[in-house]
Amino acid sequence: MIDIETELQLARLNNLYVQCIDEDRLEEWPSFFVEDARYIIFPRENLDAGLEGYWMYCGSGAMMRDRIKALRQVNIYNIHYDRHLLSNVVLQGEEDGVYEVRSNYAVVQTDVEGRCHMFSTGQYRDKVIKVDDGYKFKEKIVVVDSFNIDRPLAVPF
Amino acid sequence: MLDNMENNSPLVWPSDDYTRTPYEVYTSSEIFAQEQQKIFDAPTWMYVGLECEFKQPGDYTTSFMGTTPIVISLAPDGELYGFVNKCAHRGAKVVRELRGNAKFLKCLYHGWTYDNMGDLKAVPLKNGIMGQGGYPDDFKTENHCLRKLKLDTIAGVIFGSLDLNAPPLLDYIGPGIVERIKTICHSPMKVWGYQRQTMNCNWKLFVENTRDMYHAPMLHAFIPQFGMFNPAKQKNELILENGGANQAFSTYELEGVKAAAKGLIGKVAAPIIKKSMSSPADGNREKLIFEDPSVARGVSELAGGLYINIVSIFPATLFTIIGQTFSIRQFRPIAPDKMETVYTWFQFESDDEEMHDRRVKQSNLLGPAGYVSMEDAEVMESTQQMIARGLESGSSFMEMGGRNVEETGNHGVTETSIRGFWKTYCKYMDIPTSTDQVAAE
């Protein structure tokens, strides 16, 4: 029997997570993870074929902070706004204090001239653990259904 | 541009030294259509797969050459076959999946069934139903096979041509680059994954980008920050015979990366590169310090200490080696202002876990989110927009490194490889040249 209260808390974690990205508070993005967490953007084509081929791989908090630093200081990419649409947050189960959570995401991207398009969609597959002041991701794998991307992928999903 | 009625060429090239490219080649539908005939459905060769993708008889992949959809399959006789994915009946798509395994390939529409060699084997209702209908008596399945490709391989890498009379692959690519491919693909490989990116730009803008070594430290500011490579130190080799292949490469030693393990490269090369790359608009850029710089630190693993190798094979194939990352790209023209890039990343069966982890970490350098590649999509899409929205007349200007097309160079501060691409392009497209424009400037 799933604890609905916990599921709500985990939904709130994901809501705050996407809000942080959409509001361009990217420096806070790594703080949603524990230090030895993994963040992977995984094109579905490769998952289905038993391969890897990740678009983005952060194997530690350090790599996450480095990614944001690079975006802010050196990388150049299309001027845009991202807006996440998040739904279907479902607590799959819990084992040894690790919560398995899946949810649907979509990112609608608006360009420099104010035109938007559906940029990406797929599923978040999270492993979440409880920490002192709430919950943090131990792992977030973004399985991307739309594995043919247009525009650069700069900001994490 | 003048029409050249004799050659049936849609335009005259505005320079005979290939220092000018007319912008209409990036926007014209007529030129796009001619390219399919003269460059892709032509005696040229393109990457179509890796042998390691085909393990069991019946294994197949779908891909493309230009705008032509193709299938590569391993037949029961142990050989690879390639054919066009268009039913010989009424043009339907025969194989719908990206990849898979099948003993027979059956078209969904009327059930025409082909084998793994692309030969027609069975046609439902060939003899009609209860004496009604059916095909004429002279119908023979062997006259309705899928159009075949010519295939050949180098070191486990499969190339295809739509022209069964294409010159031998080894002649097309040239012995120097063939040897380099063998150095890169030195032992059994395995696919790490596929990546697909669609961009709203002409495919040739991307080919130019991959033959342009000196943009890298400027557009991809990540590079000078980590002292990753210096175009002044790169070697360049352009083959103008046959295929017009080009490679740019550098070794760990050339880049001064002997001390990479100690993390010194950033401190030595970065300031030198940054100073020569900068312009007054740069201002004070804060030094980028990574908590985990290993993503930008390769270790020598290939013969000769090869660190970077960008091999561009005309028309639309690219090998990219940077540090521990190995990938091959196909460039697929979709429309004059749209293209797709498909990466096939590979690793080696002999990799241990540590090497695998290095490769995964460094994979952050390339691909759609690549530290040293994400800017390319932005600059090419915005270039296409400016070309298409502005006046389509006029040409680009390419005199970096001189005005000729040199075959070898000891540096990458040049556009010679791009001029070489256009020279090869004009050859296949039968486009004559003139000096009128340069004279008028």
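This briefing covers the contact between chains A and B, then a group of strands in chain B. The model is predicted. Chain A gives 33 residues to the contact, and chain B gives 31 residues. Strand 15 of chain B, residues 306-313, is mostly covered.

**The chain A side of the contact**

- The contact takes 33 residues from chain A.
- Five elements of chain A each give two or more residues to the side that touches chain B: strand 1 (33-43), helix 2 (44-48), strand 2 (56-58), helix 3 (61-73) and strand 7 (148-150).
- Helix 3 of chain A supplies the largest share of this side, with 7 residues.
- By class, the side of chain A that touches chain B holds 18 nonpolar, 8 polar and 7 charged residues.

**Strand pairing across the chains**

- N148(A) has R196(B), in strand 12 of chain B, as its bridge partner.

**Strand 15 of chain B and its partners**

- Of the 8 residues in strand 15 of chain B, 7 are buried.
- Strand 14 of chain B, residues 246-251, is antiparallel to strand 15 of chain B, with 6 bridges between them.
- In that pairing, S312(B) of strand 15 stands opposite N246(B).
- Strand 16 of chain B, residues 317-322, also pairs with strand 15 of chain B in the antiparallel sense, over 6 bridges.
- Here I310(B) stands opposite T320(B) of strand 16.
- A hairpin through 3 residues joins strand 15 of chain B to strand 16 of chain B.

Definitions and conventions. Residues are numbered from 1 along each chain as its sequence is written. Chains are lettered from A and ligands numbered from 1 in the order in which they are written. This is a predicted model: local features need pLDDT of at least 70, side-chain atom pairs count only at pLDDT 80 or more; totals for chains, interfaces and linings use all residues. Two residues are in contact if their C-beta atoms, placed from the backbone, lie within 7 Å. Helices (H or I, at least four residues) and strands (E, at least two) are DSSP runs, numbered from the N terminus. Ala, Val, Leu, Ile, Met, Phe, Trp, Tyr, Cys and Pro count as nonpolar, Asp, Glu, Lys and Arg as charged, and the others, Gly among them, as polar. Two strands pair if DSSP finds at least two bridges between them. A residue is buried if 20 or more other C-beta atoms lie within 10 Å of its own, exposed if 12 or fewer, and partly exposed in between; C-beta atoms are placed from the backbone.
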